[in-house]
Amino acid sequence: MPSSTINVGIIGVGLVGKCLLRNLSLDRHTKAFAVVGIANSKRALLQDPSKPISLGEGEEPSGLLSSAPALDPKAFITHLAQLQGPAVLVDCTSSPDLANLYPVALRQGVDVVTPNKKGFSSDLSLWNEVQKAAKESNTLVYHESTVGAGLPVLATLRDLVRTGDEILKVEGVFSGTLSYLFNTFCSPTTTTPPFSQALLKAKELGYTEPDPRDDLDGMDVARKVVIVARSLGLPLSLGDLTVENVVPDVKELREASSPEAFLSALPGHDGHFSKLREAAKAEGKVLRYVGSIDPRSSKGTVSLNAYPSSHPFGALEGSDNMVAFTTRRFPNPLVIQGSGAGDEVTVFGVLADLYRVHDQRCTRSA
């Protein structure tokens with residue numbers, strides 16, 4: 001009789017990994033999942049399913065790992081593969097090196113669930129190898145959280161394609177950081193601050209990367225656009241996209257020696273952003289940073305665009321993401337909106353993927 005429990009190994013116990021481990025320690029999930037391995041970048045703790053790993057109240061993964069052996073990712077995967085019952089590797093890192101091991105895990109019979117974008121937006125050969133390994137070994141790969149955190153973007157796309165709909169366009173505000181930034185800087189209803197002040201506020205709220213230029217260069221959105229495009233069967237890579245860097249092309253900003261130096265110089269360029277805002281305002285529009293895929297032309301763009309306030313993107317507030325699918329069945333776009341960032345919503349997406357694996361690997365109790 002098939003097992004009713006999935007063995008889970010988690011690599012990466014930062015904000016997302018720790019939140020996931022804490023969730024999997026709750027009684028409502030322990031019948032479905034047994035955490036048999038956790039690891040950070042240096043150490044790994046491996047257990048037998050009869051003694052699964054859990055976090056007590058106030059306990060930190062670092063405490064559990066303090067005296068654990070050194071991490072060997074391949075040995076970690078082999079441990080999962082050799083256990084009795086189905087197993088899944090959960091990669092909560094942003095490591096390209098670990099992403100490169102997904103085919104190794106899949107070929108050993110270990111399913112993969114991850115919010116790590118690197119495995120699905122980097123070299124196209126890795127994407128193809130992951131798909132091939134999963135097909136040949138009858139293993140599962142789910143990565144919903146690579147695009148919209150907890151939003152069902154890829155699941156919806158998969159359903160549209162499988163049911164025979166024709167995808168005409170996918171476009172979205174894919175970054176919670178840039179959503180908040182431009183909703184604040186360019187609101188149709190409230191007084192708006194200078195761009196530099198809006199960015200500082202976003203940084204204070206913890207929305208930006210340590211260096212905000214890593215948000216403003218558009219590459220995070222570009223990775224998500226590539227993942228959506230590849231999920232549609234389009235062999236696009238980052239180099240195939242037109243990506244607009246929001247940072248003005250001046251040396252003191254793009255080549256600033258530190259995030260602090262960049263933020264210090266930015267107010268001197270508020271006029272650049274104000275001109276963009278006022279030009280949009282003159283047309284009754286607001287600025288939004290949007291990624292778009294046109295399957296018919298096999299093209300993708302990531303750029304700052306102007307939208308009327310009546311447009312769903314124009315009416316966005318806060319840090320919400322929004323993705324719109326224009327299809328043959330949905331000529332008026334099917335729109336998905338909600339929080340697209342943060343450890344809790346990301347873990348929701350990871351947990352949902354884990355339950356998808358459970359539903360396919362395990363028999364349900366009557």
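This is a predicted model: local features need pLDDT of at least 70, side-chain atom pairs count only at pLDDT 80 or more; totals for chains, interfaces and linings use all residues.
Residues are numbered from 1 along each chain as its sequence is written, and side-chain values use heavy atoms, with hydrogens and water left out.

1. **The open sheet.** Six strands line up in the order β3-β2-β1-β4-β5-β6, with mixed pairing. Strands here are DSSP runs of E with at least two residues, and helices are runs of H or I with at least four, numbered from the N terminus; two strands pair if DSSP finds at least two bridges between them. β3 (44-46) and β6 (141-142) each have a single partner strand, so one side of each is left without a neighbour in the sheet. Strand β5 (residues 111-113) pairs with β6 in the parallel sense over two bridges.

2. **A helix on that sheet.** Helix α18 (residues 343-361) packs here, touching β1 (6-11), β2 (33-39), β4 (87-91), β5 and β6. Its direction makes about 160° with that of β5; axes are lines fitted to C-alpha atoms, for helices over the stretch in contact, and angles run from 0 to 180 degrees between N-to-C directions. Contact means heavy atoms within 4.5 Å.

3. **Two domains.** The assignment, automatic or from a database, gives domain 1 (6-150 + 344-364) and domain 2 (153-339). Their centres, taken over C-alpha atoms, are separated by 29 Å. The contact takes 16 residues from domain 1 and 18 residues from domain 2. About 1,500 Å² is buried between them, 60% of it from carbon and sulfur atoms; this is the accessible area (1.4 Å probe) that two parts lose on being put together, summed over both.

4. **The β11 neighbourhood.** Seven of the eight residues of strand β11 (residues 320-327) are buried, so the strand is largely enclosed by the rest of the structure. Buried means under 20% relative accessible area (1.4 Å probe, protein chains only). β11 runs antiparallel to strand β7 (residues 167-173), joined by six bridges, and E171 has A324 as its bridge partner. A hairpin through six residues leads from β11 to β12.

5. **The largest nonpolar core.** This core has 74 residues, and F182, F195, L216, V228 and F262 have the most contacts inside it. Helix α14 (residues 219-231) gives the largest share, seven residues. A core is a set of buried Ala, Val, Leu, Ile, Met, Phe, Trp, Tyr and Cys residues joined through side-chain atoms within 4.5 Å.

Technical notes
Buried means under 20% relative accessible area, exposed over 50%, partly exposed in between (1.4 Å probe, protein chains only).
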